[in-house]
Structure formats: C-alpha cells, structure tokens
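Please read the following report alongside the sequence and the 3D structure. It begins with charged side chains and then turns to helices, a loop residue and the domains.

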Amino acid sequence: MASIYEHMGVKIIVNAAGPVTRLSGALMSEEVGAAMQEASQYCVDIAELQAKAGEQIARWTGAEAGYVTSGAAAGLVLATAACVTGLDPGKMNRLPDTSGMKSEVIIARSHRNFYDHAIRAVGVQLIEVGISDRFSGAGVRDTEAWEIGDAITDQTAAVAYVANSRARPPLSEVVAVAHKHGVPVVVDAAGQLPPVSHLKRFIEDGADAVCFSGGKAIGGPQGSGILAGRRDLIASAALQHLDQDVLFELWYPPPSLIDKDALPGGPQHGLGRPCKVGKEQIVGLMVALKHFVEESDDVRRDRWENTVHELAHAIGSLPGAEIGVQIDPGRPVPMLRLALSETAGMTGIELVQQLITGNPSIHVGTSQVYDGVLTFSPMCLREGDAKKIGNRLQALLS
Ligand SMILES: *Cc1c(COP(=O)(O)O)cnc(C)c1O
C-alpha cells in the first residue's frame with residue numbers, strides 16, 4: 001500500500017468503475033506527476049501561464065481560445081458567467097445578482113442533470129424545453145431545435161447542451177437556431193473523450209464554449225478541466241476566474257488572453273474565483289493532454305482491450321454469471337460485462353454491496369445493476385487488480 005495513504009489511514013480501492021470523481025478520477029502517469037512536482041518548485045504569473053496553456057488548448061481544439069479550469073463543472077460556471085456578463089466588469093462584480101442582465105439559460109429537458117447546478121450558480125434560471133417522451137416509452141420524440149428557437153427571448157443568455165452519443169437534437173441544429181438569434185451555445189462535453197477527434201468536434205459543430213474534464217480520460221490532475229471557445233468568452237471567463245487582488249496600474253494581463261485597454265477598469269475577484277486552478281494543475285494537464293493527443297485512439301483501445309481480456313481471464317468462469325467482453329466499435333472504452341443469472345443466489349445490488357464492503361474494496365459500473373449487470377472499466381485498473389477482482393468474484397459466486 002502506498003505509504004502516503006497508509007499514513008492517513010485511507011484505504012486504496014480497486015476502481016473498475018472508471019475515472020469518476022467520487023472515486024478520485026483517473027490515474028496519472030509518472031510523467032504528469034513529475035511535471036507537477038517541477039511546476040511546484042517555481043513561481044510564475046498565473047495569467048501568463050493560463051495564456052500559454054490556452055494557446056495550446058486552442059490549437060488542439062480548433063477553438064479561438066482556451067483556458068484551464070478546475071474541472072468541466074467549473075468550466076460550466078465560467079462559460080455561463082461569460083455569456084451573462086460579456087466583457088462588462090460592472091456586471092462581473094454584481095454576479096450572481098443578475099438584475100438587469102440576461103438571466104435565462106435554455107436547455108432541452110432531456111439534458112437536465114445534477115451538474116447543471118454549475119449553470120444555476122451564476123444566478124440564472126434554467127428554462128427547460130420540449131418533452132422527451134422517448135424516455136418514458138410513451139413516445140418517440142425528444143426536444144427539437146425549433147422548440148429551442150421558440151423559447152429564446154431577450155432574456156436568453158445562452159443555450160446549454162450536454163453532449164452524448166444519444167443527445168438530441170443534434171448540436172449543429174441547436175447552434176443554427178441559437179446563432180440565428182445571436183445566442184451562444186455552451187457544451188458540456190465532460191466525458192466525451194476519447195476519441196481525440198472530439199476535442200475539435202463540438203467547436204466544429206459551432207459551439208461557442210466547450211467544457212471537458214481533465215481528470216477523466218485525459219489523465220490529467222483530478223481537479224482540472226478545459227474550457228475552449230470564442231476569444232471574448234474565454235477572456236470574460238478568465239477575468240471572472242483569475243485572482244484580481246491587484247491595483248489596476250500594476251496589472252499586466254497577457255494581451256492574448258485579456259485586452260486591458262478595452263476595459264474601463266479591472267473587475268474584482270469574480271464569481272469563478274472559488275474555482276481556483278494551481279500552476280501544478282495547469283502544467284500537469286498540459287502534459288497529460290499532449291500524451292492523450294499523441295497516443296492514437298487505436299493504441300489506447302488496444303491497451304484497454306488487453307486489460308479487459310486479462311480481467312476476463314483472471315475471473316475465469318463463474319456459476320451463476322456470464323462474463324462477456326464488450327468491444328463495440330461505437331464505444332470508445334471496451335468493458336467487461338458480468339450478467340448474473342437467476343441461479344446466482346444474489347441480486348446485482350447485493351453483489352455490488354459485497355464488492356464495495358469487502359477487502360479490498362472493489363468498485364464497478366452500476367448503470368445496469370437493477371438488471372443484474374455489472375460493468376468493469378479498464379481505465380483505472382492497476383497492475384494486479386485483475387487478480388484481486390477475479391479472486392473476490394470467485395469467492396462470492398462459486
Ligand atoms: C464528469 C462530468 C461533469 C463534471 O466534470 P468535472 O471535471 O468533474 O467537473 C460534468 N458533466 C458531465 C456530463 C460529466 O460526465
């Protein structure tokens with residue numbers, strides 16, 4: 001056991017659930033860790049570091065500008081705030097009081113999720129549009145782009161879109177209708193990587209701002225993320241995020257990030273200030289992102305597939321359960337699927353409870369647990385974990 005956790009009395013888990021935040025995100029490579037350690041040994045101007053990182057993000061995403069956030073949810077806070085205030089420092093100072101500002105964000109009803117707290121934190125109201133009856137089994141429809149256009153008023157600050165392979169309506173249609181009314185579209189693409197091409201995809205579809213998590217597939221620091229988008233929105237996001245404890249005459253923001261001459265004065269600490277990002281996060285994320293882009297999707301897939309096959313082998317055959325390797329060309333991460341049969345003697349929930357509370361504590365994917373199906377992601381497994389999972393499942397199910 002790593003002594004740093006042992007010292008703190010914290011147990012190390014086997015994480016087959018994938019890089020989820022509550023289980024501490026992804027594993028970082030040694031190289032990323034070393035870069036963060038090196039970064040921690042010097043002081044720099046954080047705005048300059050953000051500007052340089054932003055240039056790299058812009059290159060990789062195809063956006064006009066980029067910024068490092070403390071996560072995709074923080075990116076939603078900053079992007080929403082930017083859409084509400086523009087580059088007006090008076091408005092920035094008044095948030096989350098949106099009196100006299102555009103204070104509504106439109107979202108398709110089927111896109112609602114608990115991360116939208118990040119949007120509402122800005123002081124805006126979410127306006128849900130459409131009826132997604134395809135999910136209730138009562139119908140086939142979801143929100144349509146024209147309905148989003150129909151809901152836009154002079155109070156609309158932005159349209160929020162949660163990207164997903166099944167998301168409706170298509171982003172390009174939402175963008176077309178929003179842009180017709182001069183309204184920006186903010187995309188939550190937190191977990192939409194890999195493939196690498198998705199770094200560019202939502203910008204190509206016309207999104208004005210896109211958020212990704214740094215601590216999921218990219219393998220950056222857990223508390224990091226990317227915001228990419230229009231230059232003016234990124235500038236506004238930066239102004240509301242950066243520490244502003246500085247006299248205006250002594251403030252030298254990098255011109256590529258913030259045009260000081262265009263401002264009547266410097267805003268104070270903004271709404272995004274609690275979403276602080278350290279130099280170690282910025283540097284670590286940039287190194288991780290470079291690796292993520294350079295490792296081809298095929299190589300990454302093969303690596304994960306090998307881990308899944310190793311896991312299947314370590315589990316072997318189980319009475320009462322069927323093991324399958326789920327390799328679907330449409331899904332970027334291959335998974336191991338365990339389906340309990342009627343003869344298993346326990347439900348999916350009971351099996352997951354046993355796995356979590358056992359020693360070692362094993363966490364799995366539970367999106368289909370009520371159907372008796374557990375999924376195992378290769379993304380956060382360490383050397384030796386496959387054996388631990390196999391032994392435990394054999395003990396529980398044989
Ligand atoms: C993970 C996730 C988030 C949050 O991302 P963080 O980087 O943890 O802030 C937001 N939205 C969706 C859809 C996610 O999957």
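R300 counts as buried, at 2% relative accessibility, where buried means under 20% relative accessible area, exposed means over 50% and partly exposed lies in between, computed with a 1.4 Å probe on protein chains only. Its partner in a salt bridge is D297, with the closest N and O atoms 2.9 Å apart; the term stands for a side-chain nitrogen of Lys or Arg within 4 Å of a carboxyl oxygen of Asp or Glu. D297, at 28% relative accessibility, counts as partly exposed. Both residues belong to helix α12 and lie 3 residues apart, about one turn of the helix. In general, an α-helix has 3.6 residues a turn, so residues three or four places apart point the same way.

This is a predicted model, in which local features need pLDDT of at least 70 and side-chain atom pairs count only at pLDDT 80 or more, while totals for chains, interfaces and linings use all residues. Residues are numbered from 1 along each chain as its sequence is written, and side-chain values use heavy atoms, with hydrogens and water left out.

The structure holds 16 salt bridges, and three of these pairs are set out here.

| Pair | Closest N and O atoms |
|---|---|
| D243 and R273 | 3.0 Å |
| E295 and R303 | 2.8 Å |
| D297 and R300 | 2.9 Å |

D243 and R273 form a salt bridge. This pair links distant parts of the chain, since D243 and R273 are 30 residues apart, each in the loop between α10 (231-239) and α11. D243 is partly exposed, with a relative accessible area of 39%, and R273 also counts as partly exposed, at 24% relative accessibility. R303, which pairs with E295, is partly exposed with a relative accessible area of 41%.

Helix α12 has 19 residues and reaches 27 Å from its first C-alpha to its last, close to the 27 Å expected at 1.5 Å a residue, the expected span being 1.5 Å times one less than the number of residues. Helices here are DSSP runs of H or I with at least four residues, strands are runs of E with at least two, and both are numbered from the N terminus. The buried residues of α12 are R300, R301, W304, E305, T307, V308, L311, A312 and I315. They lie on the same side of α12 because they cover an arc of only 160° around the axis, the arc being that of the directions from the helix axis to the C-beta atoms. D298, N306 and H313 are exposed on the other side of α12. The buried residues of α12 pack against α11 (279-294), β9, β10 (335-340), β12 (373-376) and α14 (385-397). Just after α12, G316 takes a positive phi of about 70°.

L318 is buried, with a relative accessible area of 7%. The C-alpha atoms of L318 and M346 are separated by 13 Å, the two residues being 28 residues apart along the chain.

Helix α2 (residues 30-39) has V32, A35, M36 and A39 buried. These buried residues fall within an arc of 100° seen down the axis of α2, so they line one face of the helix. The face turned away from the buried side of α2 carries the exposed residues E30 and E38, and what covers the buried residues of α2 includes α11.

The domain assignment, whose bounds come from an automatic or database source, gives domain 1 (29-294) and domain 2 (296-397). Their centres, taken over C-alpha atoms, are separated by 34 Å, and 6 residues of domain 1 are in contact with 6 residues of domain 2. Between them the domains bury about 490 Å², 58% of it on carbon and sulfur atoms; buried area is the accessible area (1.4 Å probe) that two parts lose on being put together, summed over both. In domain 1, P194, A217 and F292 lose the most area to domain 2, together 62% of what that side buries. Across this interface of domain 1 and domain 2 the rule finds 0 salt bridges.

Technical notes:
Contact means heavy atoms within 4.5 Å.
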